[in-house]
Amino acid sequence: MDTVCEDGKKFLENLSGSGKAIGVLTSGGDAQGMNAAVRAVVRMGIYVGTKVYFIHEGYQGMVDGGKHIVEAKWQDVSSILQVGGTVIGSARCKDFRTREGRKQAAHNLIKHGISNLCVIGGDGSLTGANLFREDWKGLLEELIEEGKIDKGVAHTYSHLNIVGMVGSIDNDFCGTDMTIGTDSALHRIIEVVDAIMTTAQSHQRTFVLEVMGRHCGYLALVSALASGADWVFIPESPPGEGWEDQMCQKLTESRSQGTRLSIIIVAEGATDGEGKAISSNVVKDLVVKRLGFDTRVTILGHVQRGGTPSAFDRILASRMGVEAVVALLEASEETPACVVSLSGNQAIRVPLLECVQMTQEVQKAMDERKFAEAVKLRGRSFENNLNTYKSLSHKPKEEQPPSNFNVAILNVGAPAAGMNAAVRSAVRTGIAQGHKMFAVTDGFDGFIKGQIKEIKWADVGGWIGQGGSLLGTKRTLPAKNAEAIAEQIRLHDINAILMIGGFEAYLGLLELSDARAKYDEFCIPMVMVPATVSNNVPGSDFSIGADTALNAITDTCDRIKQSASGTKRRVFIIETMGGYCGYLASMSGLSAGADVSYIYEEKFDIRELQSNVEHLTGKMKTTVQRGLVLRNENCSENYTTDFIYQLYSEEGKGVFDCRKNVLGHMQQGGSPSPFDRNFGTKISAKAMQWISKKLTETYRQGRVFANSPDTACLLGMRRRTLVFQPVEELKKESDFQHRIPKEQWWLKLRPLMKILAKYKISYDVSDAGQMEHVDRRLVRDFQNSITI
């Protein structure tokens with residue numbers, strides 16, 4: 001069937017699943033977000049006309065058959081999006097490892113007409129799936145010989161298509177930036193760390209936390225980075241000789257500087273250079289014996305697997321589930337088994353076998369004690385995390401020779417969770433490179449008033465987990481007070497500026513850049529890091545703070561939906577922030593399982609509102625008697641939240657009643673999510689490295705002079721990489737009236753929410769279907785992305 005239109009685009013409505021059946025199973029260790037993936041596979045499968053079957057208890061259920069293989073209906077996956085674990089069960093299965101077991105599994109699948117499998121699990125589960133596919137033809141021949149099936153049936157189901165999704169909290173699978181469950185596991189760890197911090201500071205305690213990761217140190221490393229831990233032990237990077245002395249010295253120095261709390265994070269598989277295990281108790285005994293510090297051990301264990309999935313994991317799993325069904329519909333006998341992966345903000349397909357082989361290579365390198373190679377094979381993101389952690393947690397022993405450069409740092413615009421992590425990272429990176437760092441309080445307001453003072457390494461200790469803006473931030477723009485700011489730059493001999501903020505920071509940087517013609521003081525390197533809950537900054541797919549806001553909205557939507565569980569037929573209208581940018585309303589709609597979300601970028605009229613009411617009226621006649629409608633605050637001047645609430649209330653009379661909720665500033669508050677802490681930390685460190693490079697390049701005859709467009713840049717995440725873009729060039733990409741970029745990548749995901757809410761809609765799948773290969777070179781570049 002030809003699914004391609006004349007312009008080369010492929011649309012979902014041209015793909016038909018009629019006559020096909022998909023089996024979906026979860027296997028191996030459970031991970032938060034697996035249910036979101038199951039829900040997406042079921043609903044997308046039904047949407048395109050396939051039959052979808054739950055295979056309960058993983059491969060064991062496939063081998064046992066009978067009641068374990070059940071056809072799934074649309075309503076069967078309602079209310080599972082926010083549930084952790086896997087509602088269809090998972091089990092280790094020895095039988096499936098035998099040929100006899102796989103033959104029985106094949107027979108059970110054929111009985112239900114299933115020749116397409118969607119496997120959600122770790123590398124062991126996916127390796128098993130690939131072996132099953134390779135054996136398929138031989139298994140059918142044996143079933144014919146045994147008289148269990150005839151040749152016609154064998155011909156109909158002659159090949160097995162397999163698509164995998166990686167569900168694993170360890171993020172230990174090569175070929176994808178993030179595995180389903182990793183972000184949620186980090187949430188659990190950071191929640192514990194934040195809770196421990198309050199009690200530990202009361203008693204001047206040292207805490208040793210043991211986290212999961214027998215073979216992979218990702219969780220330990222990233223949680224250390226996100227909590228500002230004093231020391232971390234991971235399998236990929238054993239500590240060098242004399243680590244005991246170095247760690248104790250570090251803890252002693254921290255305590256002498258007035259730090260009341262020390263945190264050490266240990267991955268359960270950590271060893272020393274000789275391969276001897278380093279357990280949390282070993283570390284505790286060492287600290288008590290050498291230093292006499294009051295020390296406690298917390299082993300997190302299965303807490304990390306539990307709880308509700310984060311917004312990131314729900315969106316990731318929903319995207320992967322939809323993509324998996326498209327991949328199965330497009331598969332042929334020649335198509336290799338593939339894994340649906342995340343690369344930057346793109347869903348891609350990679351050959352399953354290549355991913356498994358690369359993952360096994362990492363383990364082989366570690367077994368052979370080639371740790372530097374293992375770190376490289378884990379990917380560039382893992383390597384960056386490790387290097388960033390080392391540079392930010394360990395103050396240079398010998399003072400770096402001073403660079404004689406002074407760098408000012410300020411927050412501009414509204415506060416966003418993660419700003420403090422970004423400031424901490426910039427300050428420490430700058431000091432490590434020999435600069436004097438100056439903090440400007442209250443944005444350009446403070447700059448004008450001269451609220452500028454030097455900020456030292458220890459001054460930003462403990463900042464990483466704090467929400468809001470400790471530096472203070474204002475919306476004031478610089479143009480009207482350019483002369484006063486130029487005077488302060490002269491007085492404090494400022495040689496470079498780093499701004500952290502949203503659209504105001506972008507406008508501020510443009511104004512300073514324009515002022516270069518009049519004031520030489522602004523002829524210095526200037527860079528901006530995007531930080532706003534609205535995620536509306538041109539030149540970046542992601543902004544610091546947006547992930548925390550998404551989680552706040554998603555969490556509130558969960559509670560609101562739960563409040564309706566005892567109430568029949570209720571629709572909730574919820575207003576989100578974002579200015580004219582619909583990012584929060586759209587992505588939280590996807591993560592909370594909303595029925596519809598109204599945004600400025602996608603025009604709607606009274607006919608669409610009426611159609612949505614009718615859709616919800618139909619839904620109320622099913623077993624799912626609850627609706628969720630999101631509205632971006634500026635989506636329409638006339639169709640206000642009150643108007644939509646009143647319209648729905650009137651039209652739904654006798655069928656459902658309505659409630660409304662304006663979420664307001666709670667979306668800007670709270671402790672930053674692990675994603676925002678790490679994104680802020682890494683992007684700020686990169687911005688400071690750029691400043692150092694530009695200072696060196698533009699220092700001539702005893703002064704810094706930088707007036708070319710490439711010395712006033714915005715550092716943004718574009719698809720897969722962090723890119724420095726001259727703000728002058730970004731003007732053409734900006735809608736200044738509505739303070740949004742002219743093009744926004746996430747708009748492509750809008751149809752997913754509607755498909756999963758049972759609306760018929762056009763969905764462009766042109767970007768799908770490209771198989772990307774994984775090799776050593778690729779893997780190293782593969783993960784320079786949003787991975788946290």
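**Note on cysteines, cores and Asn345**

1. The sulfur of Cys635 lies 13 Å from the closest cysteine sulfur, that of Cys581, which is too far for a bond. A disulfide is a covalent bond between the sulfur atoms of two cysteines; here the criterion is a pair of cysteine sulfur atoms within 2.5 Å. Searching the whole structure gives 0 disulfides.

2. The model is predicted: local features need pLDDT of at least 70 and side-chain atom pairs count only at pLDDT 80 or more, while totals for chains, interfaces and linings use all residues. Residues are numbered from 1 along each chain as its sequence is written, and side-chain values use heavy atoms, leaving out hydrogens and water.

3. Cys635 has a relative accessible area of 6% and is therefore buried (under 20% relative accessible area, with a 1.4 Å probe and protein chains only). Cys248, at 5%, is also buried.

4. The largest nonpolar core has 180 residues (buried Ala, Val, Leu, Ile, Met, Phe, Trp, Tyr and Cys joined through side-chain atoms within 4.5 Å). Helix α10 (residues 311-330) supplies its largest share, 13 residues (helices are DSSP runs of H or I, at least four residues; strands are runs of E, at least two). A second, separate core of 46 residues includes Leu25 and Phe96.

5. Asn345 sits in the loop between β10 (338-343) and β11 (346-351), and its relative accessibility of 5% makes it buried. Its side chain makes a polar contact with that of Asp541 at 2.6 Å (a pair of N or O atoms within 3.5 Å, one able to donate a hydrogen and the other to accept it within protein; residues adjacent in sequence count only if both atoms are side-chain atoms). Beyond neighbours within four places in sequence, the contacts of Asn345 include Arg319 and Trp745 (heavy atoms within 4.5 Å).

Terms used
Buried < 20%, exposed > 50% of the residue type's maximum accessible area, 1.4 Å probe, protein only.
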